[in-house]
Amino acid sequence: LVEKGQPKPANYFDFLQGADGVRFRAFWGMNKEGIPVIGVSNKKLDSANLAKVLTEKGIQDAVMLDSGASTSLVYKGKSLVGLYTSSGTPCSCAGW
């Protein structure tokens, strides 16, 4: 999504199925201070627009973790994605 503070252009994602789809998207990256950041979009967007938003927010490098209906991020027991309903398939990404 983002490399050295620059968003990847839309055509960079051409080889990824659904990259141009408008969906919730989860990401992991590093901010300007080198602090790891994990997050999820609070509205649906395509990969290129997420990349632009992340750079506007000061993310220096980022990769996409997930997108679509299964995307969620839970913080303090609450989903940060609006009306998310679990599919029952457990998946996680943890940091320390």
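1. A word on terms to begin: helices (H or I, at least four residues) and strands (E, at least two) are DSSP runs, numbered from the N terminus. V22, for instance, is found in the loop between β2 and β3 (25-31). Please keep in mind that this is a predicted model, in which local features need pLDDT of at least 70 and side-chain atom pairs count only at pLDDT 80 or more, while totals for chains, interfaces and linings use all residues. Residues are numbered from 1 along each chain as its sequence is written, and side-chain values use heavy atoms, with hydrogens and water left out.

2. On the overall layout, the chain has 1 helix and 7 strands. Read from the N terminus, the order of elements is β-β-β-β-α-β-β-β. Of the 96 residues, 33% count as buried; here buried means under 20% relative accessible area, exposed over 50%, and partly exposed in between (1.4 Å probe, protein chains only).

3. The loop between β2 and β3 deserves a look. V22 counts as exposed, at 56% relative accessibility, and its C-alpha atom is separated by 9.5 Å from that of N49, 27 residues apart along the chain. F24 is found in the loop between β2 and β3 as well, but F24 is buried, with a relative accessible area of 19%.

4. Now to K4, in the loop between β1 (2-3) and β2 (6-7). K4 is not a glycine, yet has a positive phi of about 55°. This residue, K4, is exposed, with a relative accessible area of 67%.

5. How many salt bridges does the structure hold? There is 1, where a salt bridge is a side-chain nitrogen of Lys or Arg within 4 Å of a carboxyl oxygen of Asp or Glu. The side chains that meet in it are those of E3 and K8, at 2.6 Å, N to O. E3 is partly exposed, with a relative accessible area of 41%, whereas K8 is buried at 18%.

6. K8 also lies over the face of Y12, at 4.6 Å from the ring centre. The criterion is that a charge sits over a ring if NZ of Lys or CZ of Arg is within 6 Å of the ring centre and within 35 degrees of the ring normal.

7. V63 lies in strand β5 (residues 59-67) and is partly exposed, with a relative accessible area of 43%.

8. Last, the second largest pocket, with a volume of about 200 Å³. On a 1 Å grid over the protein atoms alone, a pocket is an open set of points where a 1.4 Å probe fits, with protein on both sides within 12 Å along at least five of seven lines; lining residues have an atom within 4 Å of a point. Grid points are joined across faces, edges and corners, and a volume is the space filled by probe spheres set on the points. Among the lining residues are F27, V40, N42, L50 and I59. Helix α1 (residues 47-56) gives the most to this lining, with 3 residues.
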